[in-house]
Amino acid sequence: FTNTQPAGSIPPSTTLQEHGGLLQGGRFDVKIFTQEFRLSSNGHHDFNYLLGAFYSAQDLSRGFRRGFDANKAAISNYLGQTRYYNYALFGQTDWTFLPRTTLITGLRVNREESSYIYDNYYKVFHLPGFGAPGSHVEGVTTGKAGLQYQFTDSLMAFGFYAKGYKGVAYDLVTATTPQEAAQFPVKSEKS
């Protein structure tokens, strides 16, 4: 490790190890690409629609180093990488079936593919281990339905029933162990 504080800075540049301190740092790289296509009605009728397709690719990489030989309990040196691919088809309709009363419905069909790699250079292990799954695929359908009532041009009330989803995750941190990784991925959440 090197001290990266510029010479002449305040406080003056010193090596943290001389004072019992800890030097740590790393880099977090994020690369994301998304694309969405939509087809919709003009919104000026009693029945309006929106149809769409969505794609997302995420590549996340975090390298981290901490510590020095005098404090072996705090030493860390790892690289964690995750990838997520998300594909979805979705639609929504708005139907004004009575004056001032609109039925709103929506549906989304989603597929998520994810994977991870974790290299601990200090404790010398690689995850996923040989023969262990390092990827996950999950599909889910979510939706919503609700009513909207327009009392006046400036006052509206609505109520919805909806199902939600948050995808899986991988907890790639200093304390990650092969035993913890055997439980990966962290489960998705549905509401």
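## Fold and model

Helices (H or I, at least four residues) and strands (E, at least two) are DSSP runs, numbered from the N terminus. This is a predicted model, in which local features need pLDDT of at least 70 and side-chain atom pairs count only at pLDDT 80 or more, while totals for chains, interfaces and linings use all residues. Residues are numbered from 1 along each chain as its sequence is written, and side-chain values use heavy atoms, with hydrogens and water left out.

Of the 191 residues in the chain, 28% are buried. Buried means under 20% relative accessible area, exposed over 50%, and partly exposed in between (1.4 Å probe, protein chains only). The chain exposes about 12800 Å², and carbon and sulfur atoms supply 58% of that area. Areas come from the Shrake-Rupley method with a 1.4 Å probe; for residues, only the protein chains shown count as cover. Among contacts (heavy atoms within 4.5 Å) with a separation of 6 or more, 59% join residues 24 or more positions apart.

## Nonpolar core

The largest nonpolar core holds 12 residues: Leu60, Phe64, Tyr78, Tyr84, Tyr116, Tyr118, Phe125, Leu127, Tyr170, Leu172, Ala181 and Phe184. Strand 2 (47-66), strand 3 (76-98), strand 4 (101-120) and strand 5 (125-127) each give two or more residues to this core. A nonpolar core is a set of buried Ala, Val, Leu, Ile, Met, Phe, Trp, Tyr and Cys residues joined through side-chain atoms within 4.5 Å.

Leu172 is one of the core residues. Leaving aside neighbours within four places in sequence, Leu172 is in contact with Tyr78, Gly80, Gln81, Thr82, Tyr116, Ile117, Tyr118 and Phe184.

## Largest pocket

The largest pocket has a volume of about 160 Å³. Its lining consists of Phe28, Leu60, Ser61, Arg62, Gly80, Gln81, Thr82, Tyr84, Tyr170 and Leu172. Strand 2 and strand 3 are the elements that give two or more residues to the lining. Strand 3 supplies the largest share, 4 residues. By type, the lining divides into 5 nonpolar, 4 polar and 1 charged. Here Ala, Val, Leu, Ile, Met, Phe, Trp, Tyr, Cys and Pro count as nonpolar, Asp, Glu, Lys and Arg as charged, and the others, Gly among them, as polar.

The search uses a 1 Å grid over the protein atoms alone. A pocket is an open set of points where a 1.4 Å probe fits, with protein on both sides within 12 Å along at least five of seven lines; lining residues have an atom within 4 Å of a point. Grid points are joined across faces, edges and corners, and a volume is the space filled by probe spheres set on the points.

## Cis prolines

Two peptide bonds deserve a check. The bond from Leu127 to Pro128 is cis, with omega near 0 degrees. Pro128 sits in the loop between strand 5 and strand 6 (135-152). A cis bond also joins Phe184 and Pro185, with omega about -5 degrees. Pro185 lies in the loop between helix 1 (178-181) and strand 9 (189-190). Leu127 and Phe184 both belong to the largest nonpolar core.

## Positive phi

Arg100 is not a glycine, yet has a positive phi of about 70 degrees. Arg100 is in the loop between strand 3 and strand 4. It is partly exposed, at 42% relative accessibility.

Val124 also has a positive phi, near 55 degrees, in a residue other than glycine. Its place is the loop between strand 4 and strand 5. Val124 counts as exposed because its relative accessibility is 67%.

## Pairs apart in sequence

Gly167 is in the loop between strand 8 (165-166) and helix 1. Gly167 is buried, at 13% relative accessible area. Its C-alpha atom is 8.9 Å from that of Val186, 19 residues apart along the chain. Neighbours within four places aside, Gly167 is in contact with Glu112 and Ser188.

Gln148 belongs to strand 6. Gln148 and Gly159 are 11 residues apart in sequence, and 6.7 Å apart C-alpha to C-alpha. With neighbours within four places left out, the contacts of Gln148 are Arg100, Thr101, Thr102, Ile104, Met156, Ala157 and Phe158.
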